[in-house]
Amino acid sequence: TSGEPITGTLPKSEVRGAVEIVISINKTIPIDRVEIWPEGRIVAYTFDKSQIIFGADQNIDGAVRALQLIMTRATIEGKKFAKIDLRFEKPVVVYR
């Protein structure tokens, strides 16, 4: 994988996917910025620098539902996450 996010002109499908993700998750977690990576990874950063990682070709509704469940559970347990990777069948969560 490349060490840098894509800059310059992006394919419409990747931009559309990133925008849809930000709109969907911004209802749950305020997003500061988004990076689109060459291998199809979309990384959304929260204002406290936590990362939420999606796949560009991922089902957005399913990923957002998984994110909401993870966030609810973390809130109940009093935990804060550093990174949530939703690209996998079982999301990977790293807590602070």
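Predicted model: local features only at pLDDT ≥ 70, side-chain atom pairs only at ≥ 80, totals over all residues.
**Overall picture**

- Of the 96 residues of the protein, 35% count as buried.
- Take the contacts between residues at least 6 apart in sequence: 41% of them join residues at least 24 apart.

**The largest pocket**

- The space in the largest pocket comes to about 160 Å³.
- Its lining is made up of Ile29, Pro30, Thr46, Phe47, Asp48, Ser50, Met71, Ala74, Thr75, Lys79, Lys80 and Phe81.
- Helix α2, covering residues 60-77, gives the most to this lining, with 3 residues.

**The loop between β2 and β3**

- Asp48 sits in the loop between β2 and β3, and Asp48 is also one of the residues lining the largest pocket.
- With a relative accessible area of 42%, Asp48 is partly exposed, and its side chain joins that of Thr46 in a polar contact of 2.3 Å. Thr46 is another of the pocket-lining residues.
- The backbone of Lys49 is worth a look: its phi is near 75°, a positive value in a residue other than glycine. For background, most residues other than glycine have a negative phi.
- Ser50 is in the loop between β2 and β3 as well. Is Ser50 buried or exposed? Ser50 is buried, since its relative accessible area is 1% and buried means under 20%.
- The side chain of Ser50 reaches the backbone oxygen of Phe81 at 2.7 Å, and both Ser50 and Phe81 are among the residues lining the largest pocket.
- Setting aside neighbours within four places in sequence, Ser50 is in contact with Ala44, Tyr45, Phe81, Ala82 and Arg96.

**The nonpolar core**

- In soluble globular proteins, nonpolar side chains tend to be buried together.
- Here, the largest nonpolar core has 19 residues, and those with the most contacts inside it are Ile25, Ile52, Phe54, Leu67, Ile84 and Leu86.
- Two or more residues of this core come from each of α1 (12-26), β1 (31-36), β2 (41-46), β3 (51-55), α2 and β4. Helix α2 provides the largest share, 6 residues.
- Which residues does Ile84 touch, not counting residues up to four places away in sequence? The partners of Ile84 are Gln51, Ile52, Ile53, Leu67, Ile70, Met71, Val92 and Val93.
- Ile70, in helix α2, counts as buried at 13% relative accessibility.
- Beyond its neighbours within four places in sequence, Ile70 is in contact with Ile84, Leu86, Pro91 and Val93.
- For the pair Ile70 and Val93, 23 residues apart along the chain, the C-alpha atoms are separated by 8.3 Å.

**Strand β4 and Asp85**

- Asp85 is part of strand β4, which spans residues 81-85.
- Why does Asp85 count as buried? Its relative accessibility is 7%, so Asp85 falls under the 20% cut-off.
- The side chain of Asp85 makes a polar contact of 2.5 Å with the side chain of Arg87.
- Leaving out neighbours within four places in sequence, Asp85 is in contact with Ile53, Pro91 and Val92.

**Helix α1 and Val22**

- Val22 lies in helix α1 and is partly exposed, with a relative accessible area of 23%.
- Not counting residues up to four places away in sequence, Val22 touches Ile31 and Val34.
- The C-alpha atoms of Val22 and Arg33 are separated by 8.9 Å, with the two residues 11 apart along the chain.

Notes. Residues numbered from 1 in each chain as written. Heavy atoms only, no water. 1 Å grid on protein atoms, 1.4 Å probe; cavity = no way out; pocket = protein on both sides within 12 Å on 5 of 7 lines; lining within 4 Å. Points joined across faces, edges and corners; volume = space filled by probe spheres on them. Helix = DSSP H or I, 4+ residues; strand = E, 2+ residues; numbered from the N terminus. Buried < 20%, exposed > 50% of the residue type's maximum accessible area, 1.4 Å probe, protein only. Polar contact = N/O pair within 3.5 Å; in protein donor to acceptor, adjacent residues only side chain to side chain. Contact = heavy atoms within 4.5 Å. Core = buried A, V, L, I, M, F, W, Y, C linked by side-chain atoms within 4.5 Å.
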